[in-house]
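User: I am new to reading protein structures. Could you walk me through this one, feature by feature?

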Amino acid sequence: MLKKGEIKMIKKFLAEGFSKSAIARKLGISRETVRRYANLPDDYIPHINRPPVINSVDPYLPHIAKMLETAEQQKSEIPLTVIYEEIKKLGYDGSLRWLQQVILRYELRARAKLDEPIIRFETKPAQQMQVDWVEFPKDNLSAFVATMGYSRASYVEYVNNEKIETLIGCHMNAFAYFGGV
């Protein structure tokens with residue numbers, strides 16, 4: 001399912017006279033997908049009902065952080081397999097590969113070297129939304145990206161400027177999309 005911003009891009013390109021095949025190539029989707037979404041009304045809002053992602057490593061992050069900090073203080077390196085065996089004793093039932101991906105994703109080793117505490121920032125549902133711009137200079141476009149703090153659900157809207165009026169309008173559209181105020 002395409003996001004609302006991608007649907008708006010399809011409509012924008014159609015209004016500019018692009019063919020469905022050209023739009024499909026440009027957006028990296030099938031021509032049939034372009035046709036299906038081109039026929040939807042302009043005010044169509046896709047409904048995404050996604051539960052929050054639960055990470056099996058999260059309960060063990062404080063223990064892993066303590067192990068990495070201790071190793072850093074002793075100026076040594078702790079192998080991933082040792083971390084894996086230690087948290088398995090605590091009840092971790094995931095794979096070594098998944099643990100490796102989480103450690104890389106959260107940059108746990110680098111944070112231990114910086115003496116930065118490893119804290120996963122969590123919010124309550126509908127408590128926080130983070131926004132940013134992504135620029136596509138080749139297409140003279142920008143994407144307004146809003147991500148909910150709890151569910152990590154995202155809203156993307158493509159625009160041709162980053163003016164304050166556009167920013168406020170994108171915020172309003174994101175609030176409407178997520179069902180907020």
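Predicted model: local features only at pLDDT ≥ 70, side-chain atom pairs only at ≥ 80, totals over all residues.

User: How do the rings of Tyr-84 and Tyr-92 sit relative to each other?

Analyst: For two rings, look at the distance between centres and the angle between planes; planes over 60 degrees apart count as edge-to-face. Tyr-84 and Tyr-92 are 6.1 Å apart centre to centre, with 85 degrees between the planes, and the pair is edge-to-face. The model has 8 aromatic pairs by this rule.

User: What kind of aromatic pair do Trp-133 and Phe-144 form?

Analyst: Trp-133 and Phe-144 form an edge-to-face pair, with 5.8 Å between the centres and 70 degrees between the planes. Now check where the partners lie in the chain. Trp-133 belongs to strand S1 (residues 129-136) and Phe-144 to strand S2 (residues 141-148), so this pair ties together parts that are 11 residues apart in sequence. Phe-144 has a relative accessible area of 0%, so Phe-144 is buried.

User: Which residues do ring pairs link into a cluster?

Analyst: The cluster consists of Trp-133, Phe-144, Tyr-155, Tyr-177 and Phe-178. Phe-178 also turns up among the contacts of Met-129.

User: Where is Met-129, and what does Met-129 touch?

Analyst: Met-129 is in strand S1. Leaving out residues up to four places away in sequence, Met-129 touches Ala-146, Thr-147, Met-148, His-171, Ala-174, Phe-175 and Phe-178. Take Ala-146 as an example of comparing sequence with space: 17 residues separate Met-129 and Ala-146 along the sequence, while their C-alpha atoms are 6.4 Å apart.

User: And for the chain as a whole, how many helices and strands are there?

Analyst: There are 8 helices and 3 strands. Reading from the N terminus, the order is α-α-α-α-α-α-α-β-β-β-α. Of the 181 residues, 33% count as buried.

User: Now the helices. At what angle do H2 and H3 pack?

Analyst: To read a helix pair, take the angle between the axes, then the distance, then the residues that meet. Helix H2 (residues 20-27) and helix H3 (residues 31-38) pack at about 110 degrees, with axes 8 Å apart. That angle makes H2 roughly perpendicular to H3. Their crossing is right-handed. On the H2 side, Lys-20, Ser-21, Ile-23 and Ala-24 meet Arg-31, Val-34, Arg-35 and Ala-38 of H3. Sorted by class, this contact has 4 nonpolar, 1 polar and 3 charged residues.

User: Which residues of H2 are buried, and what follows H2?

Analyst: Ala-22, Ile-23 and Ala-24 are buried in H2. After H2 comes Gly-28, with a positive phi near 70 degrees.

User: How do H5 and H6 cross?

Analyst: The axes of helix H5 (residues 80-89) and helix H6 (residues 96-105) come within 10 Å and cross at roughly 110 degrees. H5 and H6 are therefore roughly perpendicular to each other, and their crossing is right-handed. Leu-80, Thr-81, Ile-83, Tyr-84 and Ile-87 of H5 meet Leu-96, Leu-99, Gln-100 and Ile-103 of H6. This contact has 7 nonpolar residues, 2 polar ones and no charged ones.

User: Why would residues three or four places apart in a helix point the same way?

Analyst: An α-helix has 3.6 residues a turn, so such residues point the same way. Keep that spacing in mind when you look at the list for H5, which includes Leu-80, Ile-83 and Ile-87.

User: One more pair: at what angle do H4 and H5 cross?

Analyst: Helix H4 (residues 61-73) and H5 cross at roughly 140 degrees, and their axes come within 11 Å. That makes H4 oblique to H5. Here too the crossing is right-handed. His-63, Ile-64, Met-67 and Leu-68 of H4 make the contact with Val-82, Ile-83, Glu-86 and Ile-87 of H5. By class, the contact of H4 with H5 has 6 nonpolar, 1 polar and 1 charged residue.

Conventions
Residues numbered from 1 in each chain as written. Heavy atoms only, no water. Axes fitted to C-alpha atoms, helices over the stretch in contact; angles between N-to-C directions. Helix = DSSP H or I, 4+ residues; strand = E, 2+ residues; numbered from the N terminus. Parallel < 35°, antiparallel > 145°, perpendicular 65-115°, else oblique. Left-handed = near helix turned anticlockwise from the far one by under 90°. Contact = heavy atoms within 4.5 Å. Nonpolar A, V, L, I, M, F, W, Y, C, P; charged D, E, K, R; others polar. Phe/Tyr/Trp six-rings, centres within 6.5 Å; stacked < 30°, edge-to-face > 60°. Buried < 20%, exposed > 50% of the residue type's maximum accessible area, 1.4 Å probe, protein only.
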